[in-house]
Amino acid sequence: NPSRGGISDVVLRSGEARITLRGFAAGESSALPRADLCASMCVPIASPGIGERGRGVINIARKNGRSIFTARDLEVATSIARLVSEALGGIEARAAAAETERQLHAAERLMMLGEIAAGIAHEVANPLAIARANVGSLIAYLTEASPMLAELEAVVGPLDSGRDDEL
């Protein structure tokens with residue numbers, strides 16, 4: 001747990017793998033394995049970005065005094081950590097792509113809704129524009145005595161004022 005401030009936190013902050021040995025009394029040699037000897041290896045799981053804190057650590061411990069970790073063990077653990085990092089990066093990339101796709105679909109739905117609203121507005125406005133254009137010409141041809149003149153002027157009034165709600 002890196003939040004506790006142990007070797008895992010040191011490795012996570014530094015980005016460098018560590019092998020540690022615990023269980024030796026002061027002045028004791030590491031050439032003589034003991035039953036209470038504990039060897040641990042801690043390897044960071046890197047983040048893809050420069051300067052970013054690592055994703056976590058792989059921490060492996062051996063509690064028997066018979067063997068300690070070798071440089072080859074550290075290479076294997078580092079390779080595993082690299083593979084874990086790449087797998088996590090792939091998962092994060094797929095999640096980001098899914099979110100982008102979701103946002104794209106939402107934008108497409110809004111665009112289609114806007115096109116439908118514009119089409120409806122056009123279909124409503126187009127006949128009114130035709131009526132405005134033609135009723136004025138029709139009135140010019142009619143004489144004062146025509147019975148249709150009053151009805152047409154009743155239609156032209158709201159059209160000329162732009163108040164379609166009076167129709």
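Trainee: Why is Glu-99 called partly exposed?

Mentor: Glu-99 has a relative accessible area of 33%. Buried means under 20%, exposed over 50%, and partly exposed in between (1.4 Å probe, protein chains only), so Glu-99 is partly exposed. This is a predicted model, in which local features need pLDDT of at least 70 and side-chain atom pairs count only at pLDDT 80 or more, while totals for chains, interfaces and linings use all residues. Residues are numbered from 1 along each chain as its sequence is written, and side-chain values use heavy atoms, leaving out hydrogens and water.

Trainee: What makes Arg-102 and Glu-99 a salt bridge?

Mentor: Their closest N and O atoms are 2.7 Å apart. A salt bridge needs a side-chain nitrogen of Lys or Arg within 4 Å of a carboxyl oxygen of Asp or Glu, so the pair qualifies. Both residues lie in helix H2, three residues apart. Helices are DSSP runs (H or I, at least four residues) and strands likewise (E, at least two), numbered from the N terminus.

Trainee: Why is Arg-72 called exposed?

Mentor: Arg-72 has 53% relative accessibility, so it counts as exposed. Its salt-bridge partner is Glu-75, with the closest N and O atoms 3.3 Å apart; Glu-75 is partly exposed, at 45%.

Trainee: Which parts of the chain does the Arg-55 and Glu-92 pair link?

Mentor: The side chains of Arg-55 and Glu-92 meet in a salt bridge at 2.7 Å, N to O. Arg-55 is in the loop between strand E2 (38-45) and strand E3 (56-62), and Glu-92 is in helix H2, 37 residues apart.
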